[in-house]
Amino acid sequence: MAQNEAEPAAKHVEPRRKIVILTAHAFLRGYRKASIHFIASCWARQGHEVHVLTIGHSWLTLLKDRSRFRDLSQEQSNRFQAIGNNLSAGAYLPPVHAFSSSNRFLNAANTLFFRVYGSYLPRFARRSVANADLVLAESGSALAFFRKIKRLNPKARTLYFCRDLLRSIGAAPALQNIQAAQIDRFDAVCVPSERLGALLPPGGRVKVIPQGVDAELFDRIQPSPYQPGSRNAVSIGNMLFDQVSVAAMAAAALNVNFHVFGAAWNGWAPPNVVIYGERDFESIVPYLQHADFGIAPYRLTSDEVYLAESSLKLAQYSYCGLPVLLPDLIPFTRANGIAYSLEGEADWSKKIDAALTMQRSPTFRDGIMTWDEVARRTLAAAFETA
């Protein structure tokens, strides 16, 4: 036998990439994790040099979220802070920033406002973009910086990391116009849902890569945070949060405690509803592992049914083997889904009883990828035609 036949084929080694990520999500301990945080951490562990640049904040953030502004300004204000091997995070914090609004007069001025805001990056950010092999822009305010990115580094690969329909998250018309005008200039557009990809403006090189889970973290055995003998439901995240439905569930099941993470609650909360606000993701995991069922209380329209494929919480609930209460408008096909009527559910008690009596099953997680797999496929998509 020839020597080259006896030896195993050499394992393909991915080149070490310099990656810059523009996102409105702060990369700070104690704050919720979005898809982009998991992707960035995986790329760093895989040996790539990753810089996460938080945009969409300024001194105006003081008026809306004082603690977030304080933490960003103390740790990452206009500089990168090392937060792990190969991983740094920094925040561009100008005096003011362009932002989306429901005010039509402000939105009328936003075309100019976003153009001005996206035309400048501080020196620490310009350096990293100029040296990058790949620049990722997440859906939202990061789109305003696309032209600046191309001017700073026309040779870098560009990836549009689109997680949501812009109109669903209340993005300004100016950002929707930028998306439509620039989407065909990105080297790749990664979406977690075929339905979402079909709703995007034409011309983008769309790659569908589903959401992942942090399998290592979820597989770690942790003690229950709940009182022994209690029944508990958990809701995580704030997107399209339907407070009315959660309040109705709580009123119909006084023997169940409803634990709400991430979403704000307006006004009086029933005694069996516990509001936690935004928490570090690792601290929430035990609540998912030991809950009786999960809730995906989306207040959505037909344009947002892509959430069945792209919802991070649905993947996490399913990986934990939980039954899930969710609106009937979502075409969820896993066996753990229990649909309720979005327009006035007539029998909440029946739905909740079904969730409490459904047997948890590891089969609910079938086909869910790890973030490591998602990160590798995302990077491959960005360089597919390089």
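Mentor: Let's start with Leu 240, which is buried, at a relative accessible area of 19% (buried means under 20%, exposed over 50% and partly exposed in between, with a 1.4 Å probe and protein chains only). Keep in mind that this is a predicted model, where local features need pLDDT of at least 70, side-chain atom pairs count only at pLDDT 80 or more, and totals for chains, interfaces and linings use all residues. Residues are numbered from 1 along each chain as its sequence is written, and side-chain values use heavy atoms, with hydrogens and water left out.

Leu 240 is not a glycine, yet its phi is positive, about 55°. You will find Leu 240 in the loop between β10 (231–236) and α11 (243–252); helices (H or I, at least four residues) and strands (E, at least two) are DSSP runs numbered from the N terminus. Asn 86, also not a glycine, has a positive phi of about 65°. The loop that holds Asn 86 runs between β3 (80–84) and β4 (87–91), and Asn 86 is partly exposed, with a relative accessible area of 32%.

Now for your cysteines. Searching the whole structure turns up zero disulfides, a disulfide being a pair of cysteine sulfur atoms within 2.5 Å. Cys 162 is in none, and the nearest cysteine sulfur to it, that of Cys 190, is 10 Å away. Seen from Cys 190, the closest cysteine sulfur is that of Cys 162, and at 10 Å it is too far for a bond. Cys 162 is buried, with a relative accessible area of 0%, and Cys 190 counts as buried at 1%.
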